[in-house]
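Colleague: I'd like to learn how to read a fold like this one. Could you walk me through it?

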Amino acid sequence: MSGLPRLLLALLLLLPQGPLWAADYGFEVLRAELVEVDESYVLNADIDYRFSDPAIDALKNGVPLTLALRVKIVRDSAHWWSRADVDARMLFRVRYHSLAKLFQLVQEESGALHNFASFNALLEYMGSIHDLPIAPLERLSKGQRYRARVAVDLDIESLPLPLRPVAYVTPAWYLSSPWYRWSFAN
């Protein structure tokens, strides 16, 4: 065997086994629904958060991580270019305090603060959303059908400036879920 085929064979043997796009990190919305509660629509959802090792290392070294939860609701008869009836974006900041060995979750809009003794307890709490206010009832017309979707992602723009270039070029920092979609009648 000459030099080039031998080199190509050696490179093939060095490639990782299995699909190149497989990763053990990422977010996924497992279930979501909108419910009428006290003159508003609230979101109930189950989300699987699997943070990458670089994100966890940054968190444990004092870098806060901001997650953006996006909810869009569009009238079922609307065209694809129509504006959403509801376009909500809620930010959640995750922090770690090394001296107290404490994880914190802060909902940016309300300022609600929750403390957790372990990362797993934080993930369990974040993964089960109950009664999160999305929009007042009057935003949606009675008797209409709507399409809703929800997704969550890590907000790279909220990372400290020195970390952003690395995050932009490293796949392990692109933590986001695909849109979870469903229809409902109002």
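Modeller: Let's start with the open sheet: 3 strands in the order S1-S2-S7, paired antiparallel. Helices (H or I, at least four residues) and strands (E, at least two) are DSSP runs, numbered from the N terminus, and two strands pair if DSSP finds at least two bridges between them. This is a predicted model, where local features need pLDDT of at least 70 and side-chain atom pairs count only at pLDDT 80 or more, while totals for chains, interfaces and linings use all residues. Residues are numbered from 1 along each chain as its sequence is written, and side-chain values use heavy atoms, leaving out hydrogens and water.

Colleague: Which are the edge strands?

Modeller: Strand S1 (26-37) and strand S7 (128-136), each of which pairs on one side only. S2 and S7 are joined by 6 bridges, and Ala 45 stands opposite Ile 129 in S7.

Colleague: Now helices. Which residues of helix H2 are buried?

Modeller: General idea first: an α-helix has 3.6 residues a turn, so residues three or four places apart point the same way. Buried means under 20% relative accessible area, exposed over 50%, partly exposed in between (1.4 Å probe, protein chains only). In H2 (residues 53-60), the buried ones are Ala 55, Ile 56, Ala 58 and Leu 59. Their arc around the axis, taken from the directions from the helix axis to the C-beta atoms, is only 160°, so they sit on the same side of H2.

Colleague: And what do the buried residues of H2 pack against?

Modeller: Strand S3 (65-75), strand S4 (86-97), strand S5 (102-107) and helix H3 (119-126); contact means heavy atoms within 4.5 Å. Just after H2, Gly 62 has a positive phi of about 95°.

Colleague: How do I read aromatic pairs?

Modeller: Rings of Phe, Tyr and Trp (its six-membered ring) pair if their centres lie within 6.5 Å; planes under 30 degrees apart are stacked, over 60 edge-to-face, and the rest tilted. That rule gives 10 aromatic pairs here. Tyr 41 and Phe 184 make a tilted one, 6.4 Å centre to centre with 55° between the planes. Tyr 41 is in strand S2 (residues 40-50) and Phe 184 in strand S9 (residues 180-185), so the pair ties together parts 143 residues apart in sequence.

Colleague: Is Phe 184 buried or exposed?

Modeller: Buried, at 12% relative accessibility. Phe 184 also forms a stacked pair with Tyr 146, at 5.8 Å centre to centre and 25° between the planes.
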